[in-house]
Amino acid sequence: MPQQIHLTTRFEPHEERTFRHVPFEVPEGIDQIHISIAYNNRIGSSPMVTGGNTLDIGLFDEEGIESGGPGLRGWSGSERTEITIDSAWATPPYRSGSIGSGTWNLLFGAYKVDQHGLDISVTVSFDTGIKPPTVPPWPDLGVLRRVSLPPAEPGWYRGDLHMHTVYSDGDSYPHEVAAIAYAIGLDFYGITDHNRARSPIDLVPQGDGWPVLGPGVEVTTYAGHFNVWGTDGWYDFRTPTAAGIQAAVDAARAEGGLVSLNHPKPYGPPWEFPEVSGFDTIEPWNGWWGRLNNLSTAFWADALHQSTPDSWPVGIGGSDTHKNQQRGEAANPLSQATMGFPTLWIQTDETLSPQSIIKAIRGGRCFISESPAGPQLYARREGDEMVVRIVGGEGDALLEIGPHGCLGAGAIQGPDVTRRWSIQHVLDDDVPFLRFELHTPTGGIRALSNPVWLR
Ligand SMILES: [Zn+2]
């Protein structure tokens, strides 16, 4: 029986952003596989870093490489080059479990290839007796402290649905993310690891006052990213063409997922296929406001302009936090994203659950605020009047925005201000919706509402 297999493969510069499956045979009676991968001129995955090679890595077991099938054992992007799969444990994000004999496939994605090409060498070893990593202790509600931030209006909850863990390229385990979400006062949080092969639902504490987990996946392709919440599946990221991505969006929708176009802005990375349709939501606000979110908000505003009251992309915000151990700050938008910046607020009369959160978002009953303690921006129509309540926005300016731009602006002079005005002229002009932005005196945005449709 062979104890080691050596493999090599090479991507040429013109093969950047393509995938390749590299098969290898697993003999019978194996309890552990260790895969060690090396390649030349390795650089980081940030879209701002260029001039070297970045290799994305995934693994399919003997169940095969079929789209959405049971064979995906994990996808670690460019984070790891040493992977162990044991019947009892696995290097995150890979799935542990029985090691079936037959043909397995490494999946290589050449994210960046420099002018010398990308040369990869792989060693696969069997039953080498590697021990599992130490996992941080499970959090204890008895010793955790939670910030108390009651909402100004009943039925509203705050959360952050876009975050990463060690199950892709984050630095924290899901249960550590849960503890931080609890401590900063979030009522719900999402885990959206890149192309994850297992739901995080069993990896976090639940009930007993813990925030509610909205399990998701960030479908991470070379033409842009989208999140799916509310399903357990994975969606094929290996065909970064308009048709390939449309098929993945359609598959997620067919399973009932809430599908969200992520960070459509430079360095997001951006979204390259405007012709792909079917998004329930768009993320106009991802991470620190100063990180080009004015452009993703413009992308969303443009999509709204082309929408109808029956079918429009709800605007949501998410921090996209990866590194909880490196806290960033708004004054430096290139610093690490931080949980709750921004915060997504949702309204539901039901018990808070993954399903009621998704329902609220689908209904557009949500707004975005700069942080868990940031301004609250409630907007609704009452007959021929618009009613907007702003809590925590003193000294800021409220902008009233229609499909063609700003229709009015005014200063907020007080900590809890309710504005009420006639919109008869707007109705007469057949303006389809109004939405609201709360701006600081120097132009940044502190809160963003969804449209209030008028027809
Ligand atoms: Zn992303």
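The model is predicted. The protein chain splits into domain 1 (4–126), domain 2 (156–373) and domain 3 (375–455). Between domain 1 and domain 3, the C-alpha centres are 50 Å apart.

**Open sheet with β1 and β8**

- An open sheet is built from 4 strands, ordered β1-β8-β3-β6, with antiparallel pairing.
- The edges are taken by β1 (4–11) and β6 (82–86); each has a single partner strand, so one side of each lacks a neighbour in the sheet.
- From one strand to the next, the twist averages 15°.
- β1 and strand β8 (residues 118–126) run antiparallel and are joined by 8 bridges.
- Within this pairing, glutamine 4 sits opposite serine 125 of β8.

**Strand β14 and its partners**

- Strand β14 (residues 281–286) has 6 of its 6 residues buried, so the rest of the structure largely encloses it.
- Strand β13 (residues 258–261) runs parallel to β14, and 2 bridges join them.
- Leucine 261 stands opposite isoleucine 282, a residue of β14.
- Strand β15 (residues 314–318) also pairs with β14 in the parallel sense, over 4 bridges.
- Tryptophan 285 has glycine 317 in β15 as its bridge partner.

**Nonpolar core**

- The largest nonpolar core holds 106 residues.
- Ala181, Val228, Ile361 and Cys366 touch the most other members of this core.
- Leaving out residues up to four places away in sequence, cysteine 366 touches Val314, Ile316, Leu344, Trp345, Ile346, Ala360, Ile361 and Asn450.
- Two of these contacts, Val314 and Ile316, carry numbers within β15 (residues 314–318).

**Isoleucine 423**

- Isoleucine 423 lies in the loop between β22 (416–422) and α5 (424–428).
- Is this residue buried, exposed or partly exposed? Isoleucine 423 is partly exposed: 19 other C-beta atoms lie within 10 Å, and a buried residue needs 20 or more.
- Contacts of isoleucine 423 are Asp384, Glu385 and Met386, not counting residues up to four places away in sequence.
- Leucine 454 is 31 residues from isoleucine 423 in sequence, and the C-alpha to C-alpha distance is 9.5 Å.

Methods. Residues numbered from 1 in each chain as written. Predicted model: local features only at pLDDT ≥ 70, side-chain atom pairs only at ≥ 80, totals over all residues. Domains from an automatic or database assignment. Pairing = 2+ DSSP bridges. Axes fitted to C-alpha atoms, helices over the stretch in contact; angles between N-to-C directions. Core = buried A, V, L, I, M, F, W, Y, C linked by C-beta atoms within 7 Å. Buried ≥ 20, exposed ≤ 12 C-beta atoms within 10 Å, placed from the backbone. Contact = placed C-beta atoms within 7 Å.
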